[in-house]
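Subject: The structure we talked about

Hi,

Here is the structure I promised to pass on. Could you open it next to this email while you read?

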Amino acid sequence: MDSKIIEGLAFALPALVTGGVAYFMFSAFLERDDKEKQFQALVNKKRESLPTKLQAYERLLLFSERINPAKLLVRVQPIGNEVDSFVHLLIANIEQEYEHNLVQQIYVHENAWKAVIGSKLSIINKIRSIAEKSKDAKELRENLLIDYSQIESPTETAIAIIKQEVKKLI
């Protein structure tokens with residue numbers, strides 16, 4: 001009886017070892033296959049989202065260019081001589097551009113978005129501070145142009161950050 005049990009174990013043990021090895025090899029193969037599929041899905045997702053991200057960065061770059069005080073003052077002319085009305089016109093133009101590009105924050109890196117917002121707020125604050133020292137809209141326009149010809153516009157900083165972020169994507 002003992003010899004039959006030993007004989008049965010002699011036949012069963014190699015089958016169990018072979019089955020265990022096959023199980024581990026098959027599970028490792030499936031795990032590797034799953035990881036490869038996940039990697040391919042991630043690559044495809046990045047490939048498909050890249051054009052959208054690049055377009056968002058392009059729009060933020062264009063926004064930064066459009067609110068650059070030198071270009072803004074050429075594009076937006078004062079309607080009258082009142083400083084307050086010209087300030088409101090300039091700020092309304094900046095806010096309109098901003099609202100048009102607000103959704104781009106979904107697609108861009110947080111640093112780029114913060115730089116764009118920072119440049120927008122800086123320009124608005126500078127317009128308001130120079131407006132307090134100006135007698136009329138013409139003088140405000142001249143003072144802004146003089147001031148921004150002497151210092152770097154905050155939009156230049158935002159543009160540099162946008163370009164850095166795009167280089168990371170490409």
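This is a predicted model: local features need pLDDT of at least 70, side-chain atom pairs count only at pLDDT 80 or more; totals for chains, interfaces and linings use all residues.

**The core**

I began with the largest nonpolar core, which has 32 residues. Inside it, the residues with the most contacts are Phe86, Val87, Leu90, Ile94, Ile127, Leu140 and Leu144. At least two core residues come from each of helix H1 (2–67), helix H2 (69–75), helix H3 (83–101), H4, H5 and helix H6 (154–169). Which helix gives the most to this core? That is H4, with ten residues. As background, nonpolar side chains tend to be buried together in soluble globular proteins.

Leaving aside neighbours within four places in sequence, Ile127 is in contact with Val87, Leu90, Ile94, Leu140 and Leu144. Each of those partners is also on the list of residues with the most contacts inside the core.

**H4 against H5**

The axes of helix H4 (residues 110–132) and helix H5 (residues 137–150) come within 10 Å and cross at roughly 125°. The two helices are therefore oblique to each other, and their crossing is right-handed. On the H4 side, the contact is made by Ser122, Ile123, Lys126, Ile127, Ile130 and Ala131. H5 contributes Leu140, Asn143, Leu144, Asp147 and Tyr148. By type, the residues of this contact are seven nonpolar, two polar and two charged.

**H4 against H6**

How do the axes of H4 and H6 cross, and within what distance do they come? They come within 8 Å and cross at roughly 170°, which makes H4 roughly antiparallel to H6. From H4, the contact takes in Asn111, Ala112, Ala115, Val116, Ser119, Ser122 and Ile123. From H6, the residues are Pro154, Thr155, Ala158, Ile161, Ile162 and Glu165. Here the division is eight nonpolar, four polar and one charged.

Is Ile123 buried or exposed? Ile123 is buried, with a relative accessible area of 0%. Beyond neighbours within four places in sequence, Ile123 is in contact with Ile67, Pro69, Ile94, Tyr148, Pro154 and Thr155. For a sense of scale, Ile123 and Glu142 are 19 residues apart in sequence and 15 Å apart in space, C-alpha to C-alpha.

Val83 lies in helix H3 and is buried, at a relative accessible area of 10%. Not counting residues up to four places away in sequence, Val83 touches Ala131, Ser134, Lys135, Asp136, Ala137 and Leu140. Val83 and Phe24 are 59 residues apart in sequence, and their C-alpha atoms are 79 Å apart in space.

Finally, have a look at Glu97, which lies in helix H3. Glu97 is a charged residue, and it is buried, with a relative accessible area of 13%. What is Glu97 in contact with, leaving aside its neighbours within four places in sequence? The partners are Phe63, Arg66, Ile67 and Arg75. Ile67 is also one of the contacts of Ile123.

Happy to go through any of this with you on screen.

Best wishes

Terms used: Residues are numbered from 1 along each chain as its sequence is written. Side-chain values use heavy atoms; hydrogens and water are left out. Axes are lines fitted to C-alpha atoms, for helices over the stretch in contact, and angles run from 0 to 180 degrees between N-to-C directions. Helices (H or I, at least four residues) and strands (E, at least two) are DSSP runs, numbered from the N terminus. Angles under 35 degrees count as roughly parallel, over 145 as roughly antiparallel, 65 to 115 as roughly perpendicular and the rest as oblique. A crossing is left-handed if the near helix is turned anticlockwise from the far one by less than a right angle, and right-handed if clockwise. Contact means heavy atoms within 4.5 Å. A nonpolar core is a set of buried Ala, Val, Leu, Ile, Met, Phe, Trp, Tyr and Cys residues joined through side-chain atoms within 4.5 Å. Buried means under 20% relative accessible area, exposed over 50%, partly exposed in between (1.4 Å probe, protein chains only).
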